[in-house]
Amino acid sequence: RLEYRWEALRNLHLPMGLAWGTSIQISGGLDAVLARTTQGSAWVTGYTIGLAGVGDVLGVEPMLVGLSAGWPLAHENVPEAASRRGPQLMLRWAQRF
């Protein structure tokens, strides 16, 4: 997995209930998987884009919430990738800081 993350807005001070919004991040990435299955080898590549917000919960602990969308680019022996009609959406609730 390769991901580029850009902090579009930083050092924000947005009150949001029990958290303070501190930044907005935009990301783009490439993914690749190679696996051996009972039917032989299988591989898939894809790309993702995402948007996330970071906030300090109770002013102490940084937390991230984000939404990413991913699409397959090329694949072999992966029927799920062939039948996909639109992006796969992924909700992120955590990020290492």
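**View A. The largest cavity has a volume of about 50 Å³.** The model is predicted: local features need pLDDT of at least 70, side-chain atom pairs count only at pLDDT 80 or more, and totals for chains, interfaces and linings use all residues. A cavity is a set of points, on a 1 Å grid over the protein atoms alone, where a 1.4 Å probe fits but cannot get out, and lining residues have an atom within 4 Å of a point. Points are joined across faces, edges and corners, and a volume is the space filled by probe spheres set on them. The structure holds 1 cavity of 30 Å³ or more. Its lining is made by Arg5, Gln25, Ser27, Gly50, Leu51, Ala52, Leu64, Gly66, Leu67, Ser68 and Arg92. Two or more of the lining residues come from each of β3, β4 and β5. These labels follow DSSP runs numbered from the N terminus, with helices (H or I) of at least four residues and strands (E) of at least two. With 4 residues, β5 has the largest share of the cavity lining. By class, the lining of the largest cavity holds 4 nonpolar, 5 polar and 2 charged residues. Nonpolar covers Ala, Val, Leu, Ile, Met, Phe, Trp, Tyr, Cys and Pro; charged covers Asp, Glu, Lys and Arg; the others, Gly among them, are polar.

**View B. The largest pocket has a volume of about 340 Å³.** A pocket is an open set of points with protein on both sides within 12 Å along at least five of seven lines. The largest pocket is lined by 16 residues, and Val44, Gly46, Trp71, Pro72 and Gln88 are the closest to its centre. Two or more lining residues come from each of β3 (19-37), β4 (40-57), β5 (61-76), α1 (79-83) and β6 (88-92). The largest share of this lining belongs to β4, which gives 5 residues. Sorted by class, the residues around the largest pocket are 8 nonpolar, 5 polar and 3 charged.

**View C. The second largest pocket has a volume of about 180 Å³.** Its lining has 15 residues, and the closest to the centre of this pocket are Met16, Gly53, Val54, Gly55 and Met63. The elements β2 (14-16), β3, β4 and β5 each give two or more residues to the lining of the second largest pocket. The most comes from β3, with 5 residues. The lining of the second largest pocket has 10 nonpolar and 5 polar residues, and no charged ones.

**View D. Leu2, Leu30, Tyr47, Ile49 and Leu73 make a nonpolar surface patch of about 490 Å².** Patch residues have over 30% relative accessible area and no salt bridge; nonpolar side chains (Val, Leu, Ile, Met, Phe, Trp, Tyr) are joined within 5 Å, and like charges within 9 Å. Areas come from the Shrake-Rupley method with a 1.4 Å probe, and for residues only the protein chains shown count as cover. Leu2 has a relative accessible area of 57%, so the residue counts as exposed. The cut-offs are under 20% for buried and over 50% for exposed, with partly exposed in between (1.4 Å probe, protein chains only).

**View E. Arg1, Glu3, Arg5, Asp31 and Arg92 are linked in a network of salt bridges.** A salt bridge is a side-chain nitrogen of Lys or Arg within 4 Å of a carboxyl oxygen of Asp or Glu. Residues are numbered from 1 along each chain as its sequence is written, while side-chain values use heavy atoms, with hydrogens and water left out. Arg1 and Glu3 are bridged at 3.7 Å, N to O. Between Arg5 and Glu3 the closest N and O atoms are 2.7 Å apart. Arg1 is exposed at 65% relative accessibility. Glu3 is partly exposed at 29%, and Arg5 is partly exposed at 25%.

**View F. Arg10 and Glu7 form a salt bridge through their side chains.** The N to O distance for this pair is 3.6 Å. Arg10 is exposed, with 53% relative accessible area, whereas Glu7 is partly exposed at 30%. In the whole structure, the search finds 5 salt bridges.

**View G. Leu91 is part of strand β6.** The relative accessible area of Leu91 is 52%, so this residue is exposed. Leu91 and Val54 are separated by 37 residues in sequence and by 14 Å in space, C-alpha to C-alpha. Val54 is one of the residues closest to the centre of the second largest pocket.
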